[in-house]
4 protein chains.
Amino acid sequence: MRASWQERFAEASDVLKSSQRQQTVVRVLDLEIGGSDFITMAGPCSVETEQQILSIAAHVRKQGARVLRGGAFKPRSSPYAFQGLGLAGLKLLAKARSETGLAIVTEVMSEDDVPLVAEYADILQIGSRSMENYTLIEAAARSGKPILLKRGMMATVEDLMRSAQLAIGAGNPNVILCERGIRTFDNALRNTYDPAAIALLKQISHLPVIADPSHACGHRELVPALARIGVAAGADGMIVEVHPQPEKAWSDGEQSLSFDEFDGMMAMLEPYIALRGAANRTLVGRVG
Amino acid sequence: MRASWQERFAEASDVLKSSQRQQTVVRVLDLEIGGSDFITMAGPCSVETEQQILSIAAHVRKQGARVLRGGAFKPRSSPYAFQGLGLAGLKLLAKARSETGLAIVTEVMSEDDVPLVAEYADILQIGSRSMENYTLIEAAARSGKPILLKRGMMATVEDLMRSAQLAIGAGNPNVILCERGIRTFDNALRNTYDPAAIALLKQISHLPVIADPSHACGHRELVPALARIGVAAGADGMIVEVHPQPEKAWSDGEQSLSFDEFDGMMAMLEPYIALRGAANRTLVGRVG
Amino acid sequence: MRASWQERFAEASDVLKSSQRQQTVVRVLDLEIGGSDFITMAGPCSVETEQQILSIAAHVRKQGARVLRGGAFKPRSSPYAFQGLGLAGLKLLAKARSETGLAIVTEVMSEDDVPLVAEYADILQIGSRSMENYTLIEAAARSGKPILLKRGMMATVEDLMRSAQLAIGAGNPNVILCERGIRTFDNALRNTYDPAAIALLKQISHLPVIADPSHACGHRELVPALARIGVAAGADGMIVEVHPQPEKAWSDGEQSLSFDEFDGMMAMLEPYIALRGAANRTLVGRVG
Amino acid sequence: MRASWQERFAEASDVLKSSQRQQTVVRVLDLEIGGSDFITMAGPCSVETEQQILSIAAHVRKQGARVLRGGAFKPRSSPYAFQGLGLAGLKLLAKARSETGLAIVTEVMSEDDVPLVAEYADILQIGSRSMENYTLIEAAARSGKPILLKRGMMATVEDLMRSAQLAIGAGNPNVILCERGIRTFDNALRNTYDPAAIALLKQISHLPVIADPSHACGHRELVPALARIGVAAGADGMIVEVHPQPEKAWSDGEQSLSFDEFDGMMAMLEPYIALRGAANRTLVGRVG
C-alpha cells in the first residue's frame, strides 16, 4: 500500500510522510499547530470595526481559541461584495493580538500585498480561489511566515498537496492544510464537506490539517456538527467564523456563529477533543 | 429557517420532521433503529460459503454488531462481476440468523425477487444503483419489511428524500436512509463521503440515518476513521464490510476489514458512541 | 493510441471497434440507424391523448422525422409526477405508427413490462435512471427488439459502454447509445451536454450514437443549437421533444419545441446534416 | 424568459445583451473579434525557440489563422512543469508578429507582469487558474488591452460572467470569453467540454465567445471534432494548439496538432464556418 500512495502522489513527495519526517509542527508565537493540542482559530469573516474585532477576540480567547481570524483583504465571492478594510484592518488585528495574545491569521490575495500582510499577520492565509495561484503561493512562502493553505472548491487532494509542495519548495516547510468543502452536483448545503480528505491527509502527509466547518456548510446551525466531524476526522484544529451579531455581519453572516452558539459548540466539542489523541493511536492499518 | 427547509424539500414533506413526528424508530426483531442505541450492521460484501458467513456472523455478533449484512443478489459494478449465490445465499443468511440472533439485511435488485428476499431478510436493502428505480422501491415497500435505502452515487440529498417519500407513500414508514459516498471530480478515494448529509438529515428528517464507511472510501485502512466520522455526524448506526480474509474475498476485498481490524475499530469507536447521545442534545440551533 | 482505448475500456470490449466490426447498423422497419442517414426521432414527452399523438406524428413525419417518441410508462422526475397512460398509451403509439409509418420508441421501466412494451414498440428505450438497472437491460435485450440506451446523469462514458456490453452479452447487438447531458456543479442549464462523448464514442465504438438536445438543456430556445452541436459531433441521429402546445404539455413543456420551432430547426439543420458524411471522412487521426 | 436570465445573472448585468448593446466587437490590429468572421488563434502551448515560433506562425498564417498564441509565462499544471521563457518569449512573439502580421495573445499570470506583457501582446490572456484572481483581472483590464478570459475548470457560466463584469467595471469593455472544458466526474477525456455554455452565452451576452478544443479534450485526434462542435455552437472563433513535432513539445504535446492535422482541420471546418452566419440567423426562439 505504501508504494501506491507514494506513486500516486509522486509530484508532492515532500508533503508525504517519510522515514525522516512523520509530523510537521508549525510554531506560531507560543503555539504548536500539528502537535498534541487541537487549535481553534476563530473570528469574523471580515474585520469591520475596532469594537467588533476586539470584542470577538476577547470572547473567543476566553473560550479557548488560540488564533484570531479576520479578513482585511477579502476574497470577494462576487466583484461587488465588500473588499475589506485593507491596512486599517491589519492594524486592528495587530491591536487585538496585543490585547489578547491571540495569534493572527489573515488572507493575502495579491503578491504585492505579501510584505504588508506579513508585517502584521502571524499566519498568511492562501484562500480557496488562490490555491492555484502559484506566483502568490511562492511569494507568501518566501516571506517566511507560516502558510494556511485552503483547498480550492474544485481542487483534488492531489492538487492541494501539489500547492503545498510548491511552498515547501520555496523554502518554507510551515504549511497548514485546510479542508473547507468542495463543489459537487448537490446543492443541499453551500459546499460538500470532505472530511475523508482530512483523514487521508493525516495518514499520508506530515503537514498539519485543519477543518473549516463554516465555509463547508454555509448554514450556522450545522457548523457545530461539522466541527465535531472535523475533530473525529483527525484534524489538528479548525477555523470558524464568529460574530457578535451574525445577522448584521458585513459578509458571511448566515454561516457565522453568535457568541452563545460558539460557547455551546466549544463545550460540546471538549470530550471529542479529549478523545482525539487516543483515537489517532488506535487506527487499524497504516498507510505509507 | 424552518420555512426554508420545508419549502426546499416540499416534495418530500413526509420525510421531514413535524410537530407530529420527531423521530421514527424502526423495529427489527428485538432491535430499535433510530432509537438510543447505535446499531452496527456488519458482514461480507457477498455471501460466499456456509463456513464464511457463519464464521463472520459469530465474530461480528461477539463484537457488538446487531445486524448481519451480505449480498445474495449482487449489484455488479460491472456486467462481469460476481452476481451472488441467489436463493442459496438467502438460505445461508437465514441459517446465520438462527445461529446468532442477528437480523439480516440484504439487497433486492429486481421487483420479481421482492417476495423471495422478503421471505428471508429482515431488512430489504435498495442499493445505490437502484435508488431511482421507483418501481422496485414501491414493490419493496409493499412487502411490509423495513427498507434500507442507500443514497445513489449521483443523488442529491433531496433525491434521496424523494425516494424515501415514495416508500412511505406506498404505506411503509420504516425507512432507514444510508449515506455511502457520492461521485465527484476527486478520485483520491473511491467516492466522496458526505457526512454533512447525515448531519443535515438528522436535523430535518425523522427517519433513521446510517453511514456506510466501506463504500465511501474503498480503502480498508481509512474505514475506521470514516466510521468515527459517521458517529460524530450523528448517525444512528453504520453498515460495514468484514471478511476473514479480505484479500481472498470474491468482491470488494480492498475495502473489507479483517476480524482484527473490525475488533480494533469497535473498541476505538466505543467512547465516541457513548458521547453520541449527549452531543445530539447540545447542538446549538434547531432546524425545522 | 489504439492500445490505450482498448486497455482503458477492456470491460466493454464488445462495444469497441474491431477489425471485424467497424459500424453496427440497427434496422427498424425500413430504417437504418447507424447508416448513412441522420435519423430524427421526435414526439412528446408523454403520450397524452389520441388527438395529441396523432397530430404530432403527422407533423413530425412531414418534416422528416422517421421515429416517433412518446412516453407511456414515464420515468418520473419525482414520485408525484405524471406516470403515463400505460397500455392505453402503447396502443395510441401503435395507431400513430399505422397511420404514419413512423417507427415507435418508448421507454420500458420495469422488467415485468418488457413483454408488453416489446409487443407495441419498435425500439425499447432504457432511460437515464435505469442505465445501471442491469436486470432490466438484460430483460429488454432478450426481447430481441433494438435498445435505445440513454446515458445516466452521472454515468461516465465507460459506464455507458459497460451497460451496452451487457445488452450485447445478452445476445442483442442492436444497441443505440444516447447522450443526454450529465450532472455537474453548473446549473446554468438543466444538465451539462457532453457532445465530446458523442465524438469519442463515434471514434472508438461501432454502435450508433444519437443526441438528445431536449433533456440536455431543458430550455426550449437552446434546443436547436444543441441539435446542431449533436450533428457536428458526428451523431447518427437525435431524439427531440415536440408538442403542439408546449406550455400545456403534461410534462417537460419547458423543453418541448412547438411545431413552428421544430420546423425551423429542421430547416436550419439540413445543410449541417448534408456536411455530416463528408466531415466524418476528413477527421484527422484515427483512434482504435 | 427575458426576465429570467436577467434576474438569474443580475450580478453580471453589464455582460448581458441590452437594448443598447447587442454585440461587442473587439478590434485588434486589423481584426474584428465578435464580428462576421470566425477568428482562428493558433500556436504552441509554450514559446520554445525562435525557429519554433517563427515556423509555426508562418504556417498557421498561411492556413487562415489571424492570431498567434504561445505561452511566455506558463500556468504550470504542476509546480515542476516548464514555466516559460518569460521576457525572451515575449520578444520572440513580437518578432513573429512583425514577420507575419498575426496578432499576439499570451497569458499574464501575475499583476506585476501586466505592464511587461501588455507592452508586447495584443490580447492579454487570463488563464483558467486565474479566472477568480480578481486583482489580476482588474490590473489586466486597466492596461487597456483586450482580455481573453478563459473559463475556470471549476467555474459556472455565472462565475465566468462575473469575472467579465469585473473587467468591464474596471473600464475595459473588450473582453473575449473562452470555453475550455470543466471538471466533472468523468475522466474519459481531460475535461468535459461544455459547448452549450457557448450557445447560451451567445444568446444572452454581447461579448465575443471562443472555443478552446485543445484543452477541452486533451487528445489530439478529437480536437478537429471539438473545433467543429465549437463552430456549430456559434462561437466567434477558436484557440488551438499547434506544434511542428507534437511528440517533442515541451508542454501539452498530446493535445497539440501537427501541421498536417491543422491543415486537415482547417479544410474540414471551412463549410461549417460558411454556414455559421446563416445558422445564427435562423435560430428559433430568442432569449433576453
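A:Pro244 sits partly exposed, with a relative accessible area of 33%. This is a predicted model, and in it A:Pro244 belongs to the loop between strand S10 (237-241) and helix H10 (259-282) of chain A. Beyond its neighbours within four places in sequence, A:Pro244 touches A:Ser55, A:Ile56 and A:Phe259. From A:Pro244 to A:Asp260 it's 16 residues in sequence and 8.9 Å in space, C-alpha to C-alpha.

Now for the salt bridges. A search over all chains turns up 60 of them. Here are a few:

| Pair | Closest N to O distance |
|---|---|
| A:Asp194 and A:Arg151 | 2.8 Å |
| C:Asp212 and C:Lys150 | 2.6 Å |

The chain C pair has C:Asp212 in the loop between strand S9 (209-211) and helix H8 (213-217) and C:Lys150 in strand S7 (residues 147-150), so it ties together parts 62 residues apart in sequence. Both C:Asp212 and C:Lys150 are buried. There's also a network, where salt bridges with shared partners join A:Glu11, A:Asp159, A:Arg162 and D:Arg183.

In chain B, B:Arg69 is buried at 5% relative accessible area, and B:Glu241 is buried at 0%. Over in chain A, A:Asp194 is buried at 4% relative accessibility and A:Arg151 at 1%.

Last up, a helix pair. Helix H9 (residues 223-233) of chain A packs on helix H9 (residues 223-233) of chain B at about 155°, with the axes 8 Å apart. The two are therefore roughly antiparallel, and H9(A) passes H9(B) in a right-handed crossing. By class, their contact has 6 nonpolar, no polar and 2 charged residues.

Methods
Residues numbered from 1 in each chain as written. Chains lettered and ligands numbered in written order. Predicted model: local features only at pLDDT ≥ 70, side-chain atom pairs only at ≥ 80, totals over all residues. Heavy atoms only, no water. Axes fitted to C-alpha atoms, helices over the stretch in contact; angles between N-to-C directions. Helix = DSSP H or I, 4+ residues; strand = E, 2+ residues; numbered from the N terminus. Parallel < 35°, antiparallel > 145°, perpendicular 65-115°, else oblique. Left-handed = near helix turned anticlockwise from the far one by under 90°. Nonpolar A, V, L, I, M, F, W, Y, C, P; charged D, E, K, R; others polar. Buried < 20%, exposed > 50% of the residue type's maximum accessible area, 1.4 Å probe, protein only. Contact = heavy atoms within 4.5 Å. Salt bridge = Lys/Arg side-chain N within 4 Å of Asp/Glu carboxyl O.
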